[in-house]
Amino acid sequence: MPELPEVEALKDFLTGRLVGHELVRVLPVAISVLKTYDPPVTALEGREVTAVHRYGKFLDLEAGALHLVTHLARAGWLQWKDRLPDGAPRPGKGPLALRVALETGEGFDLTEAGTQKRLAVYVVRDPREVPGIARLGPDPLAADFDEPCLARLLEGERRQIKGALRDQSLIAGVGNAYSDEILHAARMSPFKLAASLSPQETHRLYEALRATLTEAVGRAHGLAAGHLKAEKKSGLRVHGRTGEPCPVCGDTIREVSFSDSSLQYCPTCQTGGKPLADRRLSRLLK
């Protein structure tokens, strides 16, 4: 799933290619992709793109008084085309969900792999009309997101810290991969209760949160959309690396599986050398 660093890079990539250009066609191909009907998607056609914004994991193309907002979900992606194919694409079972064409003949496709169609597109007058944006928590890279802010957010949170970091209404933009990376950098168990953090642990978590995301944004800056997935994977230390040696201590990276996802961690760095139990037990193995 694209998270804050990748969506930030897509925002920068599209700003240089869309702003000042006219949208001549916005064509939903998959029936499920468009989540709004008023204004109609055709209202975007003929408008000039004036800005591109990011809200958490949401991407917002501003075209005058209207906004084309996208959430790529788990398996969605944006594919830039220096020259779009001639003719309208045929609806079908392929990955293509939506096509956006400029007056230059350039444009992009939104695609989604797999059978779970969760990629979402909205046409709105105000981004806050999108429910997911309206309930977003603060952006962890915002200038006013300081350590006391994080402490206030975690106060009273009786959830495991892994789940708290992924909650978009608590902190915007962090998903499964970067929460693993942040907790590894903070030397913290993903099962630790968020409200139980000491001031020293909160400090470590804040420093790891800001550093991990800032470094990932820096690595992705200036990359074309087609290279962002590979860059994300190459920069991950523990997520998706089950069975590999930890780059910090050399211990074997382990995994806890969920019904539809998994987390990775280093026992030596994060859990005092003890492997974590299945999440249903929510405790360390004795």
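This is a predicted model: local features need pLDDT of at least 70, side-chain atom pairs count only at pLDDT 80 or more; totals for chains, interfaces and linings use all residues.
Trainee: How many bridges join β5 to strand β7?

Mentor: Side-chain values use heavy atoms, with hydrogens and water left out. Strands (E, at least two residues) and helices (H or I, at least four) are DSSP runs numbered from the N terminus, and two strands pair if DSSP finds at least two bridges between them. β5 and β7 (residues 107-112) run antiparallel, with tryptophan 77 opposite threonine 111 in β7, and the number of bridges joining them is six.

Trainee: What is the order of the strands in the open sheet?

Mentor: The edge strands are β1 (23-28) and β5 (76-81), each of which pairs on one side only. The pairing in this sheet of four strands is antiparallel, and the order is β1-β6-β7-β5.

Trainee: Which helix packs on that sheet?

Mentor: The helix touches β5, β6 (96-102) and β7, where a contact means heavy atoms within 4.5 Å. Its direction makes about 25 degrees with that of β5; axes are lines fitted to C-alpha atoms, for helices over the stretch in contact, and angles run from 0 to 180 degrees between N-to-C directions. Spanning residues 4-18, the helix is α1.

Trainee: How many aromatic pairs does a search of the whole structure find?

Mentor: Rings of Phe, Tyr and Trp (its six-membered ring) pair if their centres lie within 6.5 Å; planes under 30 degrees apart count as stacked, over 60 as edge-to-face and the rest as tilted. By this rule, the number found is two.

Trainee: What kind of pair do phenylalanine 13 and tryptophan 80 form?

Mentor: Phenylalanine 13 lies in helix α1 and tryptophan 80 in strand β5, 67 residues apart. Both residues are buried, where buried means under 20% relative accessible area, exposed over 50%, and partly exposed in between (1.4 Å probe, protein chains only). With 6.0 Å centre to centre and 85 degrees between the planes, the pair is edge-to-face.

Trainee: Why does the pair of phenylalanine 145 and tyrosine 206 count as stacked, and what is the angle between the planes?

Mentor: Phenylalanine 145 lies in the loop between α2 (131-134) and α3 (147-154), and tyrosine 206 lies in helix α6 (residues 199-220), so the pair ties together parts that are 61 residues apart in sequence. Both phenylalanine 145 and tyrosine 206 are buried. The ring centres are 6.3 Å apart, and the pair is stacked because the planes stand at 20 degrees.

Trainee: Which residue of β4 stands opposite leucine 61?

Mentor: Strand β3 (residues 58-63) has five of its six residues buried. It pairs in the antiparallel sense with β2 (residues 51-55) over five bridges, and valine 52 stands opposite leucine 61 there. With β4 (residues 66-71), β3 pairs antiparallel over six bridges, and the residue opposite leucine 61 is leucine 68.

Trainee: Which glycine takes a positive phi in the hairpin of β3 and β4?

Mentor: The hairpin of β2 and β3 has two residues between its strands, and glycine 56 in the turn has a positive phi of about 60 degrees. The hairpin of β3 and β4 also has two residues between the strands; with a positive phi near 65 degrees, the residue is glycine 64.

Note on methods: Residues are numbered from 1 along each chain as its sequence is written.
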